[in-house]
Amino acid sequence: MKLYQHNHRGGAMVALCVLLLPILFPSLFTPLGHASPSILSEWNAPKHRHARLLKGALQSQTSNEQQYDLWMPLANQGWKPCVESTIAFALPKSSQGYIQVFLDGGLNQQRMGICDAVAVAKILNATLVIPYLEVNPVWQDSSSFTDIFDVDHFIDVLKDEISIVKELPEDFSWSTREYYATAIRATRIKTAPVHASVNWYIENVLPVLQSYGIAAISPFSHRLAFDNMPMDVQRLRCKVNFQALVFVPHIRALGDALVNRLRYPSRKNEVVNTNYLREVIDAKEKQGKGKFVVLHLRFDKDMAAHSACDFGGGKAEKLALAKYRQVIWQGRVLNSQFTDEELRSQGRCPLTPEEIGLLLAALGFDNSTRLYLASHKVYGGEARISTLRKLFPQMENKKSLASAEERALIKGKASLLAAVDYYVSTNSDIFISASPGNMHNAMVGHRTYQNLKTIRPNMALLGQLFLNKSMNWSEFEQAVVEGHQNRQGQLRVRKPDQSIYTYPAPDCMCHA
Ligand SMILES: *[C@@H]1O[C@H](CO)[C@@H](O)[C@H](O)[C@H]1NC(C)=O
Ligand SMILES: *[C@@H]1O[C@H](CO)[C@@H](O)[C@H](O)[C@H]1NC(C)=O
Ligand SMILES: *[C@@H]1O[C@H](CO)[C@@H](O)[C@H](O)[C@H]1NC(C)=O
Ligand SMILES: *[C@@H]1O[C@H](CO)[C@@H](O)[C@H](O)[C@H]1NC(C)=O
């Protein structure tokens with residue numbers, strides 16, 4: 001649910017309430033978490049809301065020049081990755097004790113928490129215990145750090161800067177999640193403010209470490225500031241994010257297999273089973289890689305309901321979403337005060353599959369484009385996706401590209417499924433997301449670091465264009481192209497308060 005926070009100008013506190021809600025009222029969430037398949041009864045199949053534009057898009061032809069520009073990799077922008085710290089920042093001689101963190105949220109939020117945990121342990125000259133990943137009440141995946149990330153690689157990459165242990169030593173084995181869940185404990189740090197400073201940790205956590213040899217920080221998400229940090233702390237956070245955190249080998253192997261099948265579609269139907277590695281090597285010998293774009297389409301019921309926009313499913317859908325909103329957020333969703341038109345013109349409605357299809361077509365992607373759909377489940381299912389598929393018949397996802405056997409290890413595990421999508425997304429020629437959120441931000445950051453093309457939809461412009469029912473296709477196309485000229489991966493330097501994980505320059509990058 002944290003994914004919504006960037007929709008709100010109101011800032012982190014509102015988001016945190018939403019974020020903590022499932023923890024405070026877990027029983028409220030459990031039945032709804034499983035309620036999604038009921039969708040069909042909720043509406044009449046959604047109509048095309050932009051039938052005229054769709055007709056134009058299906059008939060349009062893009063010039064070779066437009067295609068060439070679109071797929072051309074980004075030029076060198078004068079920046080390079082820069083994450084190594086200075087010598088003075090080496091491993092402390094003795095540890096002040098153990099830092100333990102419990103991380104909630106989805107995979108991308110936990111990833112930021114891991115980077116921040118390393119930084120906090122470094123600030124305090126402490127030893128970090130491999131972070132504990134809480135089970136998310138919506139996604140219900142109990143995968144641990146070591147199920148998702150290559151833990152030995154993680155420890156090894158950071159070994160000269162910080163000491164990390166997989167488990168607490170015997171003396172401290174009492175310090176568990178259950179121990180903190182059942183009573184108030186002296187070693188639990190519960191009051192870390194959002195975006196806490198270095199001094200806050202030194203004043204409030206160091207004494208606990210010195211008295212007890214351990215400090216368990218929870219909640220910890222978003223608890224370390226982005227500004228006024230020593231440069232080496234910033235670089236260490238970047239090093240964790242971009243170098244130390246790699247997925248376990250089976251995720252990478254499956255990801256590589258998907259990437260190769262996207263690049264060489266003729267190989268898709270060959271039997272591979274568990275031999276993805278062989279396929280990867282074979283494929284490398286071939287010339288002329290095919291290109292592909294990843295579309296992150298998060299359009300599930302939570303998102304649809306939270307936005308309070310109208311998505312064309314008629315009265316039944318409107319009622320269903322309003323009811324869902326009432327049960328879960330009980331009037332705290334400020335968006336519902338606005339009309340659909342107001343929300344759209346402010347760019348606060350996630351793009352529907354139809355709308356993102358029109359955006360892609362207007363940008364110049366044609367029906368031969370290989371599109372990988374990184375998404376969980378789409379509210380409305382195939383009825384909503386079919387328009388997108390009409391525009392992009394070569395649309396793929398994990399399921400269409402890999403056999404059930406190949407997917408066995410990740411089946412039903414939201415974090416591992418998200419990890420595969422993350423991996424494929426960092427290896428695509430182009431990435432685009434249908435709504436701002438944690439995945440979008442993580443990719444903007446990761447791909448900026450690698451100088452890869454990332455299209456950022458201009459939500460306010462698109463909202464206004466889709467409201468204007470008198471536009472024809474060529475006007476729409478022109479307005480879209482003009483409105484996205486500077487939104488294709490041009491590097492933006494981080495501003496105060498912004499996240500280093502979304503804007504890695506200048507903290508994690510240097511002038512080349
Ligand atoms: C792709 O678009 C072209 C031109 O718009 C059309 O002639 C062709 O039939 C389309 N191909 C498919 C597979 O839809
Ligand atoms: C950590 O260690 C460094 C170098 O050994 C020292 O300068 C710094 O004051 C220490 N910080 C804390 C919080 O102990
Ligand atoms: C809608 O689009 C038409 C054609 O581009 C334009 O003339 C008109 O001003 C637009 N209307 C609004 C309300 O923006
Ligand atoms: C779209 O509208 C513009 C401006 O009204 C007009 O010049 C153009 O011919 C129209 N294009 C089509 C394909 O109808």
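I looked up the surroundings of ligand 3 and found N468, S470, M471 and E475 around it; a residue is near a molecule if its C-beta atom, placed from the backbone, lies within 6 Å of it. I noted that this is a predicted model, in which local features need pLDDT of at least 70, side-chain atom pairs count only at pLDDT 80 or more, and totals for chains, interfaces and linings use all residues. Residues are numbered from 1 along each chain as its sequence is written, while chains are lettered from A and ligands numbered from 1 in the order in which they are written.

**Helix α11**

I next examined α11, residues 231-244. Helices (H or I, at least four residues) and strands (E, at least two) are DSSP runs, numbered from the N terminus. The 14 residues of α11 reach 18 Å from the first C-alpha to the last, close to the 20 Å expected; the expected span is 1.5 Å times one less than the number of residues.

I then checked burial (buried: 20 or more other C-beta atoms within 10 Å of the residue's own; exposed: 12 or fewer; partly exposed: in between; C-beta atoms placed from the backbone). Because 11 of its 14 residues are buried, α11 is largely enclosed by the rest of the structure. The buried set includes R235, R237 and K239, as well as L236, V240 and F242. I found the buried residues of α11 packing against β1 (79-81), α5 (107-123), α7 (151-157) and α21 (438-449), with contact taken as C-beta atoms, placed from the backbone, within 7 Å.

**Backbone sites**

Most residues other than glycine have a negative phi, and most peptide bonds are trans. I recorded a cis peptide bond between S218 and P219, with omega about 5°. P219 lies in the loop between β7 (214-217) and α11. H222 is in the loop between β7 and α11 and has a positive phi, near 60°. H222 counts as buried because it has 24 C-beta neighbours inside 10 Å.

I recorded a cis peptide bond between A505 and P506, with omega about 5°. P506 sits in the loop between α23 (473-483) and β13 (509-511).

I also noted H195, whose phi is positive, near 55°. H195 lies in the loop between β6 (188-189) and α9 (198-204), and it counts as partly exposed because it has 14 C-beta neighbours inside 10 Å.

Note on methods
Two residues are in contact if their C-beta atoms, placed from the backbone, lie within 7 Å.
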